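Open the model in your viewer and keep the sequence panel beside it. The stops below say what to select next and what is there.

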Amino acid sequence: MNLSPLSKTCPPAKILMVCLWAMIAVSTSFIIHFGLFSKPPLSWLLSGLSRFDLVLHAIAFACLAVPAFMLFRSTYRIAVSIFALGAGLELVQWIATSREASVPDLAANGLGIVLAAFFVAMLKRADFAILRPVLDKAI
């Protein structure tokens, strides 16, 4: 499997591909860190807002799913894998005594993944010159 399928004639596409991989790495790191080890920054400020935590879940998983959907062709497998990551984190939170797992959090994770899939589907339909080499050469 060739992980950098772009030719040397398209440096902006290579830069975009590196940025997408970096987004996946950073998003995954944030999700795991804040899902298991600590509360999000300014959580004391956001605690007064009713269920704002669900919005953060959806945003975090959408930020992970968008670059993954752009880099890989199998949207279904990627969606299931990312959802499994969220379910695994909720399971670990349920087992750990310092964290609390919830079904609404898991549903918000899924909503973020679905919204990301729709967003990437719209991008694929649009004709963006810089995205075309990345989307055409997806793994």
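Helices (H or I, at least four residues) and strands (E, at least two) are DSSP runs, numbered from the N terminus. The expected span of a helix is 1.5 Å times one less than its number of residues. This is a predicted model, in which local features need pLDDT of at least 70 and side-chain atom pairs count only at pLDDT 80 or more, while totals for chains, interfaces and linings use all residues. Residues are numbered from 1 along each chain as its sequence is written, and side-chain values use heavy atoms, with hydrogens and water left out.

**The whole chain**

Start with a cartoon view of everything. The chain has six helices and zero strands, and from the N terminus on its elements run α-α-α-α-α-α. Next, show the surface. Accessible areas come from the Shrake-Rupley method with a 1.4 Å probe, and for residues only the protein chains shown count as cover. The accessible surface of the chain comes to about 8700 Å², with 73% of that belonging to carbon and sulfur atoms.

Buried means under 20% relative accessible area, exposed means over 50%, and partly exposed is in between (1.4 Å probe, protein chains only). Of the 139 residues of the chain, 29% count as buried. Contact means heavy atoms within 4.5 Å. Among contacts between residues at least 6 apart in sequence, 70% join residues at least 24 apart.

**Helix H3 and helix H5**

Select residues 52–71, which are helix H3. H3 has 20 residues and reaches 30 Å from its first C-alpha to its last, close to the 28 Å expected at 1.5 Å a residue. Its buried residues include Phe61, Leu64, Ala65, Ala68, Phe69 and Met70.

Now select residues 103–125, helix H5. This helix has 23 residues and spans 33 Å from first C-alpha to last, close to the 33 Å expected at 1.5 Å a residue. Among the buried residues of H5 are Asp105, Ala108, Asn109, Ile113 and Ala116.

Leu115 is in helix H5 and is partly exposed, with a relative accessible area of 49%, whereas Ala62 is buried in H3.

**The largest nonpolar core**

Which residues have the most contacts inside the largest nonpolar core? A nonpolar core is a set of buried Ala, Val, Leu, Ile, Met, Phe, Trp, Tyr and Cys residues joined through side-chain atoms within 4.5 Å. The largest one has 21 residues, and Phe69, Met70, Ile82 and Ala116 have the most contacts inside it. The elements that give two or more residues to this core are helix H1 (11–36), H3, H4 and H5. H3 supplies the largest share, nine residues. In soluble globular proteins, nonpolar side chains tend to be buried together.

Centre the view on Ile82. Leaving aside neighbours within four places in sequence, Ile82 is in contact with Phe61, Leu64, Ala65, Ala68 and Ile113.

Move to Glu90, in helix H4 (residues 75–95). Is Glu90 buried or exposed? Glu90 is buried, with a relative accessible area of 7%. Not counting residues up to four places away in sequence, Glu90 touches His57, Glu100, Ala101, Ser102, Asp105, Leu106 and Asn109. A polar atom of the Glu90 side chain lies 3.0 Å from the backbone nitrogen of Ser102.

Select His57 next, in helix H3. At 15% relative accessibility, His57 counts as buried. Apart from neighbours within four places in sequence, His57 is in contact with Glu90, Asp105, Ala108 and Asn109.

Leu91 and Ala101 are ten residues apart in sequence and 6.9 Å apart in space, C-alpha to C-alpha.

Go on to Ser98, in the loop between H4 and H5. Ser98 counts as exposed, at 64% relative accessibility. Ser98 and Leu36 are 62 residues apart in sequence and 9.1 Å apart in space, C-alpha to C-alpha.

**The cysteines**

Finish with Cys19 and Cys63. Cys19 is partly exposed, with a relative accessible area of 40%, and Cys63 is partly exposed at 36%. How many disulfides are there? A disulfide is a pair of cysteine sulfur atoms within 2.5 Å, and by this rule the count comes to zero.

Notes:
Polar contact = N/O pair within 3.5 Å; in protein donor to acceptor, adjacent residues only side chain to side chain.
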